[in-house]
Amino acid sequence: MRATYRRLAATAAGFLLLPVALVGCGDDDEDKSAAKPARAPAEEAATRSRERVQAYLDAMAAKDVAAGRSQLCALLHDGFDVGATGPNGDFADHFQVPEAAITDVRSGPRGQEVRVSVSVAVGKRTVTRPLVFTVTRDGGDWCIAGEAPGAPVSPTPTGVAPTPAS
């Protein structure tokens, strides 16, 4: 508890978080256990983001509007309620989602960016579209904060490695 208070106080004052040993207060055992989280923050963020987006994709395929809504940040709920089952909504009755796959998870400017490839079928026609979900923390929980069209994936010719200039 003391370590958390010191970190919050240092952050509020605009200082970089200092190792507890430099601050000079606290119990060594408490500080060591607080310094070793069960999972690295980046790994935790990627895992939680992947879980949220996969749950949303599963809800889309199952047409489970409530399950899809529960993956979104509270600020998106009103817009979701208005558009989710509308003619172009993710949960529209005439859309089927025969396939959806997460293709990449990485840090972005507003949170974790989870790139997906979603196949949508309408009647006999099926199209595959890339999407990017932004996942962030809202309080103590992770949630989807945005969904946007993704850039089309351009295949790399076999045997040719991309270079920084390409």
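Modeller: Two strands count as paired if DSSP finds at least two bridges between them, and the strands themselves (E, at least two residues), like the helices (H or I, at least four), are DSSP runs numbered from the N terminus. This is a predicted model, in which local features need pLDDT of at least 70 and side-chain atom pairs count only at pLDDT 80 or more, while totals for chains, interfaces and linings use all residues. Residues are numbered from 1 along each chain as its sequence is written, and side-chain values use heavy atoms, with hydrogens and water left out.

The chain contains six helices and four strands, and along the sequence these follow the pattern α-α-α-α-α-α-β-β-β-β. Strand E1, residues 96-108, runs antiparallel to strand E2, residues 111-122, and ten bridges join the two. Within that pairing, Ala101 has Ser117 of E2 as its bridge partner, and the two strands form a hairpin with two residues between them. E2 also pairs with strand E3, residues 125-138, again in the antiparallel sense, over eleven bridges. Here Val116 has Leu131 of E3 as its bridge partner, and the hairpin of E2 and E3, which likewise has two residues between its strands, contains Gly123 with a positive phi near 65°.

Cys73 is joined to Cys143 with an S to S distance of 1.9 Å, and the link is right-handed, with 85° about the S-S bond. The pair connects distant parts of the chain, since Cys73 sits in the loop between H5 and H6 whereas Cys143 belongs to strand E4, residues 141-149, 70 residues away. Both Cys73 and Cys143 are buried, where buried means under 20% relative accessible area, exposed over 50% and partly exposed in between (1.4 Å probe, protein chains only).

Gln71 is found in the loop between helix H5 (65-69) and helix H6 (77-83), and because its relative accessible area is 10%, Gln71 counts as buried. Leaving aside neighbours within four places in sequence, Gln71 is in contact (heavy atoms within 4.5 Å) with Arg52, Ala55, Tyr56, Cys143 and Ile144.

Rings of Phe, Tyr and Trp (its six-membered ring) pair if their centres lie within 6.5 Å, and planes under 30 degrees apart count as stacked, over 60 as edge-to-face and the rest as tilted. The rings of Tyr56 and Phe91 have centres 5.6 Å apart and planes at 90°, so this pair is edge-to-face. Tyr56 lies in helix H4, residues 41-62, and Phe91 in the loop between H6 and E1, 35 residues apart, and both are buried. Phe80 and Phe91 form an edge-to-face pair as well, at 5.6 Å centre to centre with 80° between the planes. Phe80 lies in helix H6, so its pair with Phe91 ties together parts that are eleven residues apart in sequence, and Phe80 is buried too. Ring pairs link Tyr56, Phe80, Phe91 and Phe133 into a cluster.

Terms used:
Disulfide = S-S within 2.5 Å.
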